[in-house]
Amino acid sequence: MESVTVARKQSPTGATEAPATSSAPTNADAREETDGFHLLIDALKLNGIDTIFGLPGIPITDLTRKAQAAGLRVVSFRHEQNAGYAASIAGFLTQKPGICLTVSAPGFLNGLTALANATTNCFPMILISGSSEREIVDLQQGDYEEMDQLAIAKPLAKAAFRVLHAEDIGIGVARAIRAAVSGRPGGVYLDLPAKLFPQAMDAEAGRQSLIKVVDPAPRQIPAPEAVKRALDLLSNAKRPLIILGKGAAYAQADADIRALIEKTGIPYLPMAMAKGLLPDTHEQSAAAARSYVLPEADVVMLIGARLNWLLAHGKGKTWGGKSAKAWGGQKFVQVDISPIEADSNVRIDAPVVGDIGSCVKAMLDRIGANWPKPPSDWLSAIGERKSRNVAKMADTLAKNPTPMNFQSALNVVRDIVKANPDAYLVNEGANALDFTRSIVDMYKPRKRLDVGTWGVMGIGMGFCVAAAVVGNEQVIAIEGDSAFGFSGMELETICRYKLPVCIVILNNNGVYRGDETNWAGDVDGDPSPLVFVKNARYEKVIEAFGGVGLYATTPDELRKGMEEAVRSRKPTLINAVIDEKAGTESGRITSLNPTAKKT
Ligand code: ADP
Ligand code: TPW
């Protein structure tokens with residue numbers, strides 16, 4: 001009989017694991033070996049990564065099992081895009097790269113949308129995909145799931161790497177981590193060909209090859225003259241304004257940002273995912289007077305917010321410009337880690353380049369008791385607009401129409417979030433997004449997670465899973481019925497992992513609204529492209545997986561359902577039926593639609 005020496009594999013971090021075959025070592029001198037699977041797992045663990053979001057299949061099936069066996073939390077999804085969105089928002093919440101693991105070609109492509117979205121939103125994420133044999137891919141000989149993934153990922157990622165040899169896994173992981181979290185965070189692709197995983201090497205040499213990344217996101221201290229320039233401009237302003245973006249939320253410099261706002265006395269506007277950085281009820285919040293402060297401000301300091309479409313590119317009528325593209329006359333300070341962000345849309349008079357924590361601290365150090373508070377006429381003008389708009393909103397919220405509309409349903413959500421300020425609020429849709437953003441106050445940083453820079457539908461259930469897994473708190477998702485459909489099958493994932501997620505579908509039977517008919521005028525033909533099955537019973541879908549499904553046609557029913565969901569922490573879906581005529585096309589961004597006239 002042929003004698004076989006089975007080396008017991010030892011992971012470089014010391015844990016001994018039984019080999020795949022059950023045979024015990026027959027040779028006491030057998031060298032201890034490790035392999036690509038274990039090196040990857042050990043490299044991730046060494047760098048503090050404790051969770052992988054993914055979907056198994058060739059060539060990474062065993063990797064998911066072995067990672068779980070080695071103590072990583074492996075959260076297995078029904079579609080890679082949702083795993084990718086989960087990884088990206090885990091990155092936003094933790095400042096560690098969120099890991100998404102996929103199979104080759106189709107799985108990789110499914111994850112790629114989320115990777116591109118992460119890069120666009122400055123979320124740190126690493127998409128790790130298995131790939132097929134390089135030799136066959138490069139000769140285009142038609143391997144199983146053949147694709148030149150590295151080349152495809154490159155333009156959509158902040159960086160992309162491939163590892164061919166087990167001894168380079170440590171370097172590959174270290175480079176991917178640094179690229180994802182340093183400077184402006186983003187999505188990184190790591191390509192791991194199938195052959196890499198079983199490659200064996202000496203365990204000690206393997207251990208030596210791993211890198212624990214030192215200082216992966218180094219502080220970037222702003223130049224003193226840049227800080228002085230910015231503060232000179234701000235202190236001389238007559239109508240100053242601060243805009244906080246999701247970069248400010250990401251930076252986790254919450255106390256210093258609050259101190260900066262309060263010490264300067266400058267009114268501020270939070271971008272959607274910066275809501276709660278200071279409580280939305282803060283007296284300096286100018287959110288309820290947004291359309292007044294943008295055109296009226298004379299100096300605006302952006303902290304971790306870009307002057308992209310979400311801020312009307314810093315010009316035009318929103319900013320008091322005389323025409324659609326005209327400059328409104330504001331001077332801008334921009335605090336950002338990217339040195340090339342300034343001047344991207346309008347002139348930035350005082351760029352402050354550095355990490356937000358260091359920049360805000362440097363400003364605070366220079367702001368003394370003699371800082372000139374903003375002129376009182378500016379503050380009182382904002383105060384007046386705010387009270388007027390808040391009163392108007394209160395009137396609207398007090399109404400109780402039948403069927404429910406967005407406002408009467410969201411009035412309930414507003415109360416539930418107020419009573420549960422630690423809960424995460426995931427939000428997508430068009431009207432469902434816009435109304436929630438303006439009606440539901442947030443009280444704590446990084447609790448509001450939404451469609452971000454692209455306004456992408458489909459983040460919903462992935463974000464819910466990640467928030468529950470890495471945030472370990474109740475999650476409330478407010479979903480348009482169309483938005484929900486993009487990731488709805490992850491209800492099974494939510495139920496499987498028993499996550500405390502309460503999903504509320506604001507169901508108006510379609511994309512934007514549900515009352516549209518076929519423009520061909522053919523009543524017996526296909527429905528309009530914008531409408532869905534009328535009165536769809538989404539709550540029954542979660543019941544199929546053992547979750548709680550509820551149907552709500554009144555604010556009272558919705559309130560009871562949400563209260564019970566939060567109390568029980570059971571996966572719950574509430575189908576909140578609202579008027580199918582409620583809502584406008586594209587919500588508040590109708591104007592971005594190219595002319596769409598009925599012909
Ligand atoms: P919002 O959509 O909320 O307006 P953006 O995504 O447009 O926010 O802008 C976020 C900005 O924050 C980006 O320009 C990014 O470079 C910047 N940023 C992200 N993290 C940091 C950080 N730690 N320090 C400084 N700037 C950061
Ligand atoms: C990946 C376009 C923007 S908003 C939306 C779509 C399809 C759905 C709006 O309907 P919903 O919300 O969710 O029912 P509501 O409250 O207005 O009724 N594909 C992607 N991203 C986007 N943004 C779209 C399509 C879109």
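Guide: Helices here are DSSP runs of H or I with at least four residues, strands are runs of E with at least two, and both are numbered from the N terminus. This is a predicted model: local features need pLDDT of at least 70, side-chain atom pairs count only at pLDDT 80 or more, and totals for chains, interfaces and linings use all residues. Residues are numbered from 1 along each chain as its sequence is written, chains are lettered from A and ligands numbered from 1 in the order written, and side-chain values use heavy atoms, without hydrogens and water.

Visitor: Which helix gives the largest share of the shell around ligand 2?

Guide: Helix 18, with three residues. A residue is near the ligand if one of its heavy atoms lies within 4 Å of it. By that rule 17 residues surround ligand 2, including Asn-431, Gly-455 and Ala-483.

Visitor: Why is the Glu-492 and Arg-78 pair called a salt bridge?

Guide: The term needs a side-chain nitrogen of Lys or Arg within 4 Å of a carboxyl oxygen of Asp or Glu. Here the closest N and O atoms are 3.0 Å apart, so the pair passes. Glu-492 sits in helix 19, Arg-78 in the loop between strand 5 and helix 3, 414 residues apart.

Visitor: Why does Glu-492 count as buried?

Guide: Buried means under 20% relative accessible area, exposed over 50%, partly exposed in between (1.4 Å probe, protein chains only). Glu-492 is at 15%, so it is buried. Arg-78 is at 44%, so it is partly exposed.

Visitor: What makes Asp-148 and Arg-162 a salt bridge?

Guide: The N to O distance is 3.5 Å, so the pair passes. Asp-148 lies in the loop between helix 5 and helix 6, and Arg-162 in strand 8, so the pair ties together parts 14 residues apart in sequence.

Visitor: How is Glu-539 classed, buried or exposed?

Guide: Buried, because its relative accessible area is 3%. Its salt-bridge partner is Arg-537, with the closest N and O atoms 2.6 Å apart.
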